[in-house]
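Biologist: I've got a model on my screen and a few things I'd like to ask. Can we walk through it together?

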Amino acid sequence: MNPGTVSAVMTADPITVSPQTPFKDIAELLTGNGISAVGVVDKTGALVGVVSEADLLPHLWEDRKPRWRDRRMARKAKACLAKDLMTSPAVTIDAGATFAAAAAQFARSGVRRLFVLRNGKVVGVLSRRDLIAVFTRGDADLEREVSEGVLRERLNLGPDRVRVEVRAGIVTVVGRVERRSDIDPVTRLIQELSGVVEVRNRLDYVWNDVA
């Protein structure tokens, strides 16, 4: 499991239903498990849609006729099975996607959760809260990963050359590298870590190898 990808923060093995699952069973699953949506999977295990709280609410309308309402939602007001209640296609993301890709998907779609796929099968669900939670990581832990995991192990830059300080998720790196082209990879690799709010790169270089 890559700590910088969706699989690290998703809720694994989410509850799913079949297209033939009745309305009442879905309502009980949502309320009984404290969740806001279930995935709908076919006989092959492929995700074909999502039934959320919003899909069930039309059943409470006093007037279920379309009129001024969206016709698609009006049909859901009379639906009794998952296949008629669900919103399709479901908004998904790959388990190996980065946090940045997930954040972009949330922004584009406006949904509250993304179903996570691996090889086309549902393996998890990611909420916006799951993604935001990465920023609660402790500064000391993050500083250790930057110093040891990124600078020393991946870039061969010891504390004698580059110093690191992390405050409130903001990573500041100060020091000198051999080449100017060595500076950008430092920023890029640190930005990929979970919990990083901002990278302030204060590195200098010995010689300029960038045209």
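Predicted model: local features only at pLDDT ≥ 70, side-chain atom pairs only at ≥ 80, totals over all residues.

Biologist: Okay, in which sense do β3 and β4 pair, and over how many bridges?

Modeller: β3 covers residues 37–41, and β4 covers residues 47–52. The pairing is antiparallel, over five bridges.

Biologist: Which residue in the hairpin of β3 and β4 takes a positive phi?

Modeller: There are five residues between the two strands of that hairpin. Among them, the positive phi, near 90°, belongs to Gly45.

Biologist: How many of the six residues of β4 are buried?

Modeller: Buried here means under 20% relative accessible area. Strand β4 is largely enclosed by the rest of the structure, because the count of its buried residues is five of the six.

Biologist: Moving on, is Thr187 buried or exposed?

Modeller: Thr187 sits in helix α8, residues 183–191. Its relative accessibility is 18%. The cut-off for buried is under 20%, so Thr187 counts as buried.

Biologist: And with which side chain does Thr187 make a polar contact?

Modeller: Leaving aside neighbours within four places in sequence, Thr187 is in contact with Val199 and Asn201. The polar contact, at 2.8 Å, is with the side chain of Asn201.

Biologist: What about Pro22: which residues does it contact, leaving aside neighbours within four places in sequence?

Modeller: Pro22 is in the loop between β2 (16–17) and α1 (23–33), and it is partly exposed at 35% relative accessible area. Asp84 is 62 residues away in sequence, yet its C-alpha is 10.0 Å from that of Pro22. The contacts you're asking about are Cys80 and Leu81.

Biologist: Which residue does a cis peptide bond join to Ser88?

Modeller: Omega is about 0° at that bond.

Terms used: Residues numbered from 1 in each chain as written. Heavy atoms only, no water. Helix = DSSP H or I, 4+ residues; strand = E, 2+ residues; numbered from the N terminus. Buried < 20%, exposed > 50% of the residue type's maximum accessible area, 1.4 Å probe, protein only. Contact = heavy atoms within 4.5 Å. Pairing = 2+ DSSP bridges. Polar contact = N/O pair within 3.5 Å; in protein donor to acceptor, adjacent residues only side chain to side chain.
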